[in-house]
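Dear colleague,

I am passing on a structure for you to look at, and my notes on it follow below the entry.

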Amino acid sequence: MKEPSEQEQSDRLYELLGKHIDAVYEQHMEIERLQTHVHVVFSLSDAGSLKVALSKVGKRQQSRVLAFNSWFSVGPIADLDTPEGQQRRQSWLLEHVQDDYFFDTINRDHQIAQLMKELKAIPEHKTVVIWCADNGHDQTGLRFALYLLKDRKQPIHIVNVTKVSQALGFRQNGGETPYAQALIDRENYVEIVRDYAEGFPLDSDTRKRYETDWIELAGQNHWLRLWEDGKLIGCDEDKLDPVIIQSVIDLQGIHEAGDYVHAGEVMGRVLEASRQRISISFLTYRILRLTSDGVLNFKGIPGLSLQYSIRLSSARGTTKLGNSEEAANE
């Protein structure tokens, strides 16, 4: 039998490649046709949990999940819908919270510019459901997403898992209503997704109010946003410093007096006490500022995530970040 020529082999290869491309396109179009809902969340971990829950209740096939991957509770947000504003934010992250900058950079599919395109491209016939909780991160993200969708004609639906948990009587181990999706018991969360995946439609007045909230927030020169007394507020970056200091004091009281306490313990206590959703990188930044100001001492390697310990300074105002060798050698 005559061997096929190189041209014939090449033609056959292109034919197979064309068929494969057509098959992938048809599969993509079928998935697009089946997806009737687009769910929006504000972290990759929340996206993963939502996808699992949607699968458990038989709604995964009809659902697309879009996830932002930026800590909206920290950093500048002015002009965030523009390349200039995004670049300013990236520069701030690089200077102050390098871990957040790194994770944002490596997840290009979930960066703000890409999510903006995908949100604005959602067809009007699909239902948009935004998932949030009562914390500064989610509530800032909610307002930003609604601002980006301001030209959408169809209603936008919201699921506030804090309010739903409160209505259903779901509590954390400490007896409090969860202030973040990740704090909801897995079985309870699946129940919420099963019964409330459609969300609650926002009326036009509420949408306008959220859009106005975003414009006002973005116009403020704040690096920290917290949820307090049912409201989203912009704060000075040192707002949580007293909570950090008190957490160190409390943990030193549990351990031997004057002992260093692990940074991870301190941060866990800060998040528990403040009931805020703040990035570990931002708390690290504030701890290092308190160290630089002589309020805290550290030992270890603060440049590595949680690979250091801290304590209240015995000589406040004299211990600086640059000459902390004595503490590091203890």
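At what angle do helix α3 and helix α4 pack, and how far apart are their axes? In this predicted model, in which local features need pLDDT of at least 70 and side-chain atom pairs count only at pLDDT 80 or more, totals for chains, interfaces and linings use all residues. Residues are numbered from 1 along each chain as its sequence is written, and side-chain values use heavy atoms, with hydrogens and water left out.

Helix α3 (residues 83–96) meets helix α4 (residues 98–106) at about 130°, and their axes are 6 Å apart; axes are lines fitted to C-alpha atoms, for helices over the stretch in contact, and angles run from 0 to 180 degrees between N-to-C directions. Helices (H or I, at least four residues) and strands (E, at least two) are DSSP runs, numbered from the N terminus. The contact (heavy atoms within 4.5 Å) involves, among others, Leu-93 and Leu-94 of α3 and Tyr-101 of α4.

Turning to the sheet, 5 strands form an open, mixed arrangement in the order β2-β1-β3-β4-β5, where two strands pair if DSSP finds at least two bridges between them. Its edge strands are β2 (63–67) and β5 (200–201). Strand β4 (residues 156–160) runs antiparallel to β5 and is joined to it by 2 bridges, with Ile-158 opposite Phe-200 in β5.

Helix α5 (residues 112–120) packs on the sheet, where it touches β1 (37–41) and β2, and its direction makes about 150° with that of β2. Helix α6 (residues 136–148) lies across β3 (127–132) and β4, running at about 160° to β3.

Best regards
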